Amino acid sequence: MRVGAVILAAGEGRRFGGNKLLVSINGEPAITRVLRAVEGLDRVVIVGAYVNDLLPYLRNEIVIYNPWYKEGMSTSIKLGIRFFQDYDAVLIVLADMPLITRETINKILNAYHEGCTAVIPTHNGVRGNPVLIRKSLFPDLMRLSGDVGAREILRHRTDVCTVECGPEVLIDIDTVNDLTNVLNTINTNR
């Protein structure tokens with residue numbers, strides 16, 4: 001199965017108060033940690049608000065600029081779907097989840113089997129990210145609008161598979177307090 005990773009990195013980081021993707025997590029930018037987790041997969045990084053700040057960190061990446069980033073996450077997802085339209089599935093990856101590891105990604109990929117239109121990682125029953133989505137749902141993703149993600153189309157489906165993962169699938173950086181939580185989690189797990 002050919003899977004393309006769509007890394008969503010176009011947001012304005014309003015609740016954070018700026019570009020959260022370049023905050024230092026153990027001496028490296030958050031986005032660098034996310035990119036390392038999807039190493040080995042074909043991938044594209046969708047950028048927007050902070051394109052000029054991010055480009056120096058994305059020199060070896062395929063980057064798509066989203067001129068509609070202010071209209072919300074759905075616009076970035078659509079660009080990623082168009083890029084990987086010939087693939088069997090996409091993995092929608094949020095660039096503000098620096099605790100995601102390659103092991104987490106492998107768990108999600110390995111949980112896929114016939115009959116799953118998507119694989120959602122969970123932690124203690126709570127759905128998280130990144131999410132693997134089969135090509136059969138690409139048309140539904142292309143109809144999304146506003147600041148919504150795949151959750152909108154997956155919520156009531158019965159053919160969605162889940163895989164239990166660690167807390168990393170629930171931890172993103174939306175606020176400065178979230179960043180403190182990420183750093184505390186890393187320090188606790190050392």
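Modeller: A disulfide here is a pair of cysteine sulfur atoms within 2.5 Å. The model is predicted.

Colleague: How many disulfides does a search of the whole structure find?

Modeller: The sulfur atoms of Cys116 and Cys161 are 1.9 Å apart, and the cut-off is 2.5 Å. Cys116 and Cys161 therefore form a disulfide. For the whole structure, the search gives a count of one.

Colleague: Which parts of the chain does the pair of Cys116 and Cys161 link, and how many residues apart are they?

Modeller: Cys116 is in the loop between helix H4 (102–110) and strand E7 (118–123). Cys161 belongs to strand E10 (residues 160–164). These are distant parts of the chain, and the separation is 45 residues.

Colleague: What is the handedness of the link of Cys116 and Cys161?

Modeller: The angle about the S-S bond is -90°. With that value, the link of Cys116 and Cys161 is left-handed.

Colleague: Is Cys116 buried or exposed?

Modeller: Buried means under 20% relative accessible area. Cys116 has 3% relative accessibility, so Cys116 counts as buried.

Colleague: Which side chain makes a polar contact with the side chain of Arg43?

Modeller: Arg43 sits in strand E4 (residues 42–47) and counts as buried at 15% relative accessibility. Beyond its neighbours within four places in sequence, Arg43 is in contact with residues including Ala5, Ile7, Leu35 and Phe84. The polar contact, at 2.6 Å, is with the side chain of Glu61.

Colleague: What is the volume of the largest pocket?

Modeller: The lining of this pocket has 42 residues, with Met73, Leu94, Asp96, Asp147 and Asp174 nearest the centre. Elements giving two or more residues to the lining are strand E1 (3–9), helix H3 (73–83), strand E6 (89–94) and helix H6 (151–154). The lining divides into 20 nonpolar, 10 polar and 12 charged residues. The volume of the largest pocket is about 1100 Å³.

Colleague: Which element gives the most to the lining of the second largest pocket?

Modeller: The second largest pocket has a volume of about 210 Å³ and is lined by 13 residues, among them Arg33 and Pro98. Helix H1 (30–37) and helix H7 (176–188) each give two or more residues to that lining. With three residues, the one that gives the most is H1.

Terms used
Residues numbered from 1 in each chain as written. Predicted model: local features only at pLDDT ≥ 70, side-chain atom pairs only at ≥ 80, totals over all residues. Heavy atoms only, no water. 1 Å grid on protein atoms, 1.4 Å probe; cavity = no way out; pocket = protein on both sides within 12 Å on 5 of 7 lines; lining within 4 Å. Points joined across faces, edges and corners; volume = space filled by probe spheres on them. Helix = DSSP H or I, 4+ residues; strand = E, 2+ residues; numbered from the N terminus. Nonpolar A, V, L, I, M, F, W, Y, C, P; charged D, E, K, R; others polar. Buried < 20%, exposed > 50% of the residue type's maximum accessible area, 1.4 Å probe, protein only. Polar contact = N/O pair within 3.5 Å; in protein donor to acceptor, adjacent residues only side chain to side chain. Contact = heavy atoms within 4.5 Å.
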